[in-house]
Amino acid sequence: MSDTAMELIDVKKVIGNKDIIKGLTFNIHKGEVFGFIGPNGAGKTTTIRMMVGLMGLSGGDVRILGNSIKSDFKDAIREVGAIVENPEMYPFMTGKQNLTHYARMMPKVTKERIQEVVKLVGLEKAINEKAGKYSLGMRQRLGIAQAILHQPSVLILDEPTNGLDPAGIREIRQYIRKLAEEENVAVIISSHLLSEIELMCDRIGLIKNGEMVAIQDVNAATEQTTVVEVQLEVTPIQEAVNILTEDFGIKASGRDTLLIQAERDRIPDIIETFVKQNIRIYQVTVTTSTLEDKFFDLIGENTIE
Ligand SMILES: Nc1ncnc2c1ncn2[C@@H]1O[C@H](COP(=O)(O)OP(=O)(O)OP(=O)(O)O)[C@@H](O)[C@H]1O
């Protein structure tokens with residue numbers, strides 16, 4: 001059986017006389033988290049609206065489990081769960097009541113399935129509280145629980161990290177990965193901030209001006225031999241400098257921090273050497289993401305925001 005959940009084949013969108021989406025072709029596999037990244041106005045929302053059937057295609061096709069969104073709309077869309085705008089829910093109902101209400105509108109959603117999705121998004125504790133009292137992160141979870149009730153093969157989330165604080169982003173990262181693995185669902189997440197979604201994605205597609213400029217395997221981008229910039233907070237600093245000067249390019253050193261360049265693979269060696277020499281390490285931070293650098297180069301700007 002093929003592991004392709006969704007295929008975009010030369011997808012185009014013309015609005016007025018403007019080519020908004022200029023022919024996107026890529027596949028998304030079952031069980032993978034695919035990040036759809038691009039600056040504002042790149043065409044992410046337009047593409048997603050076409051993927052979920054909210055907008056017609058001007059050219060090409062979207063296939064979900066082989067079913068064309070153009071010629072087999074019902075079969076195709078049955079396999080899609082999505083949150084495109086804010087998740088819809090009744091604030092005066094509890095999370096559970098919202099899910100039960102929603103489940104009634106769908107075929108074959110059992111009570112057990114409701115319990116299962118609540119657990120998958122980690123909402124067990126709050127499920128009997130009114131949704132109106134939920135934080136943004138909790139509303140997001142309930143929205144996702146709703147979207148996966150019918151066990152779709154593809155889950156599409158447009159900018160799910162928007163407005164979330166770092167703790168909220170960490171939470172979403174954890175349950176999205178779990179979801180992809182346990183439900184074998186293909187998850188597509190759009191964002192204009194690579195840093196917010198990089199850690200939860202298997203692959204990242206970069207879109208600019210309606211075109212896909214790169215698709216990158218996230219793990220391949222952090223190969224052990226990749227040179228990264230590392231910031232070290234250590235004391236005494238001078239001894240650390242002395243140890244490092246021979247082997248590494250020190251880019252800067254401050255009162256208690258050092259900025260060096262090293263192959264990723266060498267970081268454990270550096271830490272080990274410091275420990276042996278009684279240098280105290282307070283923090284080690286990799287400050288450059290190679291993926292980010294690559295994307296900046298492709299976009300030709302200093303920021304992808
Ligand atoms: N209905 C429309 N009429 C005319 N132009 C449109 C319409 N919808 C979108 N566009 C244009 O299409 C381009 C892509 O918009 P889209 O919203 O898909 O981008 P995006 O990548 O999702 O950006 P954002 O993160 O800002 O939502 C933009 O230049 C936008 O102005």
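1. Axes here are lines fitted to C-alpha atoms, for helices over the stretch in contact, and angles run from 0 to 180 degrees between N-to-C directions. Helices (H or I, at least four residues) and strands (E, at least two) are DSSP runs numbered from the N terminus. The model is predicted: local features need pLDDT of at least 70, side-chain atom pairs count only at pLDDT 80 or more, and totals for chains, interfaces and linings use all residues. Residue numbers start from 1 along each chain as its sequence is written.

2. Helix α5 (residues 136-148) packs with α6 at an angle of about 15°, and their axes are 10 Å apart. The pair is therefore roughly parallel, a label for angles under 35 degrees, with over 145 being roughly antiparallel, 65 to 115 roughly perpendicular and the rest oblique. The crossing of α5 with α6 is right-handed, that is, the near helix is turned clockwise from the far one by less than a right angle, anticlockwise being left-handed.

3. On the α5 side, the contact is made by L136, G137, Q140 and I148, which meet G168, E171, I172 and E183 of α6; contact requires C-beta atoms, placed from the backbone, within 7 Å. By class, these residues comprise three nonpolar, three polar and two charged. Nonpolar covers Ala, Val, Leu, Ile, Met, Phe, Trp, Tyr, Cys and Pro, charged covers Asp, Glu, Lys and Arg, and the others, Gly among them, are polar.

4. Around the ligand stand I15, I20, G38, N40, G41, A42, G43, K44, T45, T46 and H192, where a residue is near a molecule if its C-beta atom, placed from the backbone, lies within 6 Å of it. Helix α1 (residues 44-51) gives the most to this shell, with three residues. The shell holds three nonpolar, seven polar and one charged residue.

5. Most residues other than glycine have a negative phi, and most peptide bonds are trans. D10, in strand β1 (residues 4-15), has a positive phi of about 45° without being a glycine. D10 has 13 other C-beta atoms within 10 Å and is therefore partly exposed; buried means 20 or more such atoms, exposed 12 or fewer, and partly exposed in between, with C-beta atoms placed from the backbone.

6. N184, also not a glycine, has a positive phi of about 55°. N184 sits in the loop between α6 (166-183) and β8 (186-191), and counts as partly exposed because it has 15 C-beta neighbours inside 10 Å.

7. The peptide bond from T235 to P236 is cis, with omega near 0°. P236 belongs to the loop between β11 (227-235) and α9 (237-245).

Definitions and conventions:
Two residues are in contact if their C-beta atoms, placed from the backbone, lie within 7 Å.
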